Amino acid sequence: MLKSKTFVKKTRAGGVMKIVREHYLRDDIWCGSDMCAECKQESAVLQRDSSIESNLCSYPHYVIPDTNVVLHQIDVLENPVIRNVIILQTVLQEVRHRSAPVYKRLKDIIHAKEKQFYTFTNEHHRETFVEREPGESANDRNDRAIRVAAKWYSQHLEKSRAEADGFRVVLLTNDHGNKQKAEESGLLVYRCEEYIKSLIANPELVDCLALSNDDKNDITSSKVIFPEHLPLSRIQAGIKSGTFLQGTFRASRDNYLEASVFVQGEGDDSTEVLIQGLQNLNRAVYQDLVAVQLLPRNQWVAPSSIVLQDEGAAKDDNEEDKEEEEKSLRMSAAESARKPTGKVVGIIKRNWRPYCGMLNVSQIKESTRHLFTPADRRIPRIRIETRQASTLAGQRIMVAMDGWPKHSRYPNGHFVRSLGSAGDKETEQEVLLLEHDVPHQAFSQAVLSFLPKMPWVITPEELARREDLRHLTVCSVDPPGCTDIDDALHCRDLDNGNLEVGVHIADVSHFIRPGNAMDMEAASRGTTVYLCGKRIDMVPELLSSNLCSLRSNVERLAFSCIWEMNHEAEIIKTRFTKSVINSKASLTYAEAQMMIDTTKNDDVTKSLRGLNKLAKILKKQRIQKGALTLSSLEVRFHIDSETHDPIDLQTKELMETNSMVEEFMLLANISVAQKIFDEFPDCALLRKHPAPPPSNYDILLKASKSKGVEIHTDSAKALADSLDVARVDGFPYFNTLLRILATRCMMQAVYFCSGMDSDFLHYGLASPIYTHFTSPIRRYADIIVHRLLAVAVGADTTYPDLMDKQKQSALSNNLNYRHKMSQYAQRASVAFHTQLFFKSRGILNEDGFVLFVRKNAIIVLIPKFGLEGTVFFDAKDKAGPTLVFDEEGPTLKVEQHTFRMFDKVKVTISLDASNIQHQKIRMSLIEPVIAGVSVPGPDVEPQAKKPKLDR
């Protein structure tokens with residue numbers, strides 16, 4: 001049956017166009033029930049033997065949720081208890097338009113066979129399709145379509161009474177009007193909350209219920225704490241007129257009463273608006289898109305140097321404490337230090353997600369209302385209702401936010417699921433991955449289906465398409481234990497007296513073809529994430545550790561960049577080719593270094609010596625051009641092979657061979673960048689490192705000035721040269737400290753599409769153009785670069801998305817996000833393992849240096865462990881010492897002693913586990929000795945038992 005709708009539309013040119021929309025209705029859309037004899041379905045989704053047991057519905061039944069139930073109660077629907085659910089096409093379409101994340105979760109549930117969720121195409125069924133009536137809103141029409149489909153199901157199952165055996169259909173809706181109309185038409189209908197509360201033997205499901213508006217009013221005080229948010233219409237008008245600014249809300253990690261709003265301007269232009277105080281923060285949550293109004297200039301303030309954590313009682317009325325804390329923020333700042341300051345007037349878009357954290361169990365016995373403290377300090381505490389508080393105490397749990405009324409000090413939310421016991425290594429790793437949005441689920445069958453069949457061999461046809469380089473003395477040099485070997489190198493003498501140098505990169509793009517499920521998964525993950533003792537792969541292990549890994553003595557497909565160079569490392573010729581290689585050795589940095597240093601003279605050693613000699617020249621040339629040699633302390637854990645606990649902690653030692661590999665990877669990346677940009681000036685995926693704004697260097701200049709050293713920051717070359725000569729007599733570590741600080745001044749390097757930007761400079765490498773080509777097993781950017789290069793050298797065909805600069809730009813944004821989150825996850829993993837290490841060590845005494853000076857604390861770096869910690873000088877429970885903070889220095893005078901950046905100190909280090917969720921390394925001052933502040937160091941430091949390390 002065909003329904004058609006005709007209407008006319010005015011075109012831009014002023015003409016009139018007739019549009020006919022055809023809508024096909026069918027009789028052969030089946031109900032999906034295994035008890036129906038009428039429908040000729042091959043396999044039924046809805047099963048008679050898996051009905052939900054309920055006090056309200058003592059009979060077997062199917063459930064039909066309306067759109068709002070799906071949107072707000074998706075956590076409940078995901079629970080394994082909820083089965084035999086009919087998702088109407090009307091509901092699916094509405095959810096798709098209103099929330100992409102919920103739509104994706106709903107699709108995942110529908111695809112999970114054990115959940116028995118059936119999609120019924122009611123919009124194309126002749127008996128359930130409804131037309132919109134004159135004067136009827138789209139929302140009312142959809143509600144009516146849901147009621148009609150529910151009615152049809154009831155009558156349809158009624159006909160199969162013998163089979164259906166009293167089966168009923170239950171409609172779930174929280175809309176009063178919809179419920180009333182459904183009851184009037186004889187439907188069995190309940191509010192979602194009353195239905196879930198009626199389920200037998202599953203009381204924990206009640207905790208997963210998102211609060212409805214009625215419940216929200218229930219649990220707030222009548223006192224208005226926050227200003228009303230403006231409606232969207234007023235916000236949009238205000239942004240248009242320039243009264244308000246639109247930006248992303250970024251809460252402070254150190255001070256819960258402070259945040260900034262990042263306002264994107266024209267091009268790369270952007271400003272930050274400072275927000276201080278609860279009223280001005282006005283219920284905005286980290287990453288929300290907000291509208292802010294600037295305050296008059298005389299009310300502008302400077303960012304606070306104080307550290308404040310929200311440790312107030314779980315009440316809405318601790319006004320006095322709150323006012324005291326807000327007062328402590330306001331210090332008389334110099335005019336120059338003040339920043340544009342504003343207040344949040346409305347929320348444009350909430351960017352909430354489920355949060356990991358722990359429950360603060362209420363002191364009131366029998367209370368079901370408790371505060372949840374998120375692991376991320378930038379997120380406010382959330383008030384939830386749960387009846388299983390005693391079970392959840394001491395567990396890491398997930399909670400979702402439902403809303404933040406103006407009467408409530410904290411937002412309201414609901415329990416989602418428990419992750420396990422706090423402090424447990426597996427649980428903490430799960431929290432770490434969830435909080436940093438690292439996709440870590442097992443690869444789906446759809447992804448795995450695109451893996452090559454084993455046993456895999458290089459076919460003669462493939463070999464014919466490639467250059468055969470199996471005879472070359474190729475070897476790889478990597479960290480110990482590395483199984484995903486992306487790159488290998490070779491160097492040999494040519495007959496004309498020059499050298500041939502090759503960088504051979506795993507040909508991952510041969511296995512991952514554009515647009516298939518494996519490609520989309522890799523693009524979404526963006527990068528492999530390396531945690532301590534664990535790796536979250538971007539591509540399945542069969543590729544990452546086997547077929548793509550350039551292991552020794554096996555034939556592998558590669559993409560090779562080959563140069564002809566003279567002995568001064570000047571490039572005479574460059575060529576790129578798809579190849580087949582056979583690596584002669586997989587070495588660690590230490591093994592390669594030993595081979596170079598010995599008197600051996602085999603082919604691999606000769607190749608390594610040639611590479612090392614050229615690398616030294618390349619590095620010297622790079623530094624002369626102004627490339628920066630910065631420093632950041634990386635630590636390495638030695639892990640016990642049985643308990644997997646860290647048993648030793650040391651900073652990573654870098655060898656000549658580290659630098660050797662790095663030089664050739666940089667050279668390959670630069671050569672490839674130039675090639676793909678020459679071929680595809682509009683859609684090359686490149687990587688740039690913007691020069692920092694001069695203000696970024698303020699702290700570096702202050703630190704060097706305090707030690708009588710001058711640093712020039714006009715250009716990368718000036719900075720590199722002045723860092724090279726920066727020395728202080730009797731202070732050998734000074735130069736390393738300066739380089740660590742200079743690293744903190746840098747901007748983040750980012751991927752971008754060449755057609756969307758004009759500034760290509762890589763500031764840190766002093767290179768006019770750069771990309772990533774050398775690690776396609778662990779970075780998706782490199783796979784795209786491989787595809788571009790393959791098209792450029794005629795080794796592969798192109799595809800539309802590769803040449804679409806808008807899509808390349810959107811992909812770059814995701815890759816930048818994933819890369820940043822992966823770095824944060826790695827740091828969090830190191831921090832957690834550092835805590836485990838100190839847990840078993842008791843109290844240690846160590847020398848350190850003051851890295852930063854704050855208003856009430858100093859931040860100390862311990863070079864031996866690559867560890868940073870804070871020494872606080874104010875105590876909440878007792879009178880602290882006299883503190884005088886000078887921002888210009890910056891200096892902090894504690895009683896009679898003045899602390900400056902880079903001062904040498906001695907501290908005790910121990911693990912403070914008083915807050916199980918936010919365990920931290922606690923440092924206390926031993927030297928310099930300040931009466932009432934310093935602690936006496938233990939006479940004899942306990943010797944940490946040195947276990948035997950597994951090699």
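Figure 1. Buried means under 20% relative accessible area, exposed means over 50%, and partly exposed lies in between (1.4 Å probe, protein chains only). The structure holds 0 disulfides; a disulfide is a pair of cysteine sulfur atoms within 2.5 Å. The model is predicted: local features need pLDDT of at least 70, side-chain atom pairs count only at pLDDT 80 or more, and totals for chains, interfaces and linings use all residues. Residues are numbered from 1 along each chain as its sequence is written, and side-chain values use heavy atoms, with hydrogens and water left out.

**Figure 2. The protein chain has 27 helices and 38 strands.** Helices (H or I, at least four residues) and strands (E, at least two) are DSSP runs, numbered from the N terminus. Of the 951 residues in the protein chain, 51% are buried. The chain exposes about 45800 Å², and carbon and sulfur atoms supply 50% of that area. Accessible areas come from the Shrake-Rupley method with a 1.4 Å probe; for residues, only the protein chains shown count as cover. Among contacts with a separation of 6 or more, 67% join residues 24 or more positions apart. Contact means heavy atoms within 4.5 Å.

**Figure 3. Helix 26 covers residues 780–792.** Its 13 residues should span 18 Å at 1.5 Å a residue. The expected span is 1.5 Å times one less than the number of residues. The end C-alpha atoms of helix 26 are 19 Å apart, which agrees. Of the 13 residues, 12 are buried, so helix 26 is largely enclosed by the rest of the structure. The buried residues include Tyr780, Asp782, His786 and Arg787. Ile783, Ile784, Val785, Leu788 and Leu789 are also among them. Glycine 794 follows helix 26 and has a positive phi, near 75°.

**Figure 4. Tryptophan 152 lies in helix 5 (residues 138–159).** Its relative accessibility is 9%, so tryptophan 152 counts as buried. Beyond its neighbours within four places in sequence, tryptophan 152 is in contact with Cys31, Phe120, His125, Glu127 and Thr128. Threonine 128 is 24 residues from tryptophan 152 in sequence. In space, their C-alpha atoms are 6.9 Å apart.

**Figure 5. Threonine 605 and serine 545 are buried helix residues.** Threonine 605 is found in helix 21 (residues 603–625). With a relative accessible area of 0%, threonine 605 is buried. Not counting residues up to four places away in sequence, threonine 605 touches Met595 and Lys600. Serine 545 belongs to helix 19 (residues 541–547). Its relative accessible area is 12%, so serine 545 is buried. Leaving aside neighbours within four places in sequence, serine 545 contacts Thr483, Arg535 and Arg551.

**Figure 6. Three strands form an open sheet in the order 34-35-36.** The pairing is antiparallel. Strand 34 (883–886) and strand 36 (897–900) stand at the edges. Each has a single partner strand, so one side of each is left without a neighbour in the sheet. The twist averages 20° from one strand to the next. Axes are lines fitted to C-alpha atoms, for helices over the stretch in contact, and angles run from 0 to 180 degrees between N-to-C directions. Strand 34 pairs with strand 35 (residues 891–894) over 4 bridges. Two strands pair if DSSP finds at least two bridges between them. Leucine 883 stands opposite valine 894 in strand 35.

Figure 7. Proline 455 lies in the loop between helix 15 (445–448) and helix 16 (460–464). Proline 928 sits in the segment after strand 38 (920–927).

**Figure 8. Arginine 283 and glutamine 287 have positive phi values.** Most residues other than glycine have a negative phi. Phi is about 70° in arginine 283 and near 80° in glutamine 287. Arginine 283 is found in the loop between helix 11 (278–281) and strand 11 (289–294). Glutamine 287 is also in the loop between helix 11 and strand 11. Arginine 283 is buried, with a relative accessible area of 6%, whereas glutamine 287 is partly exposed at 31%.
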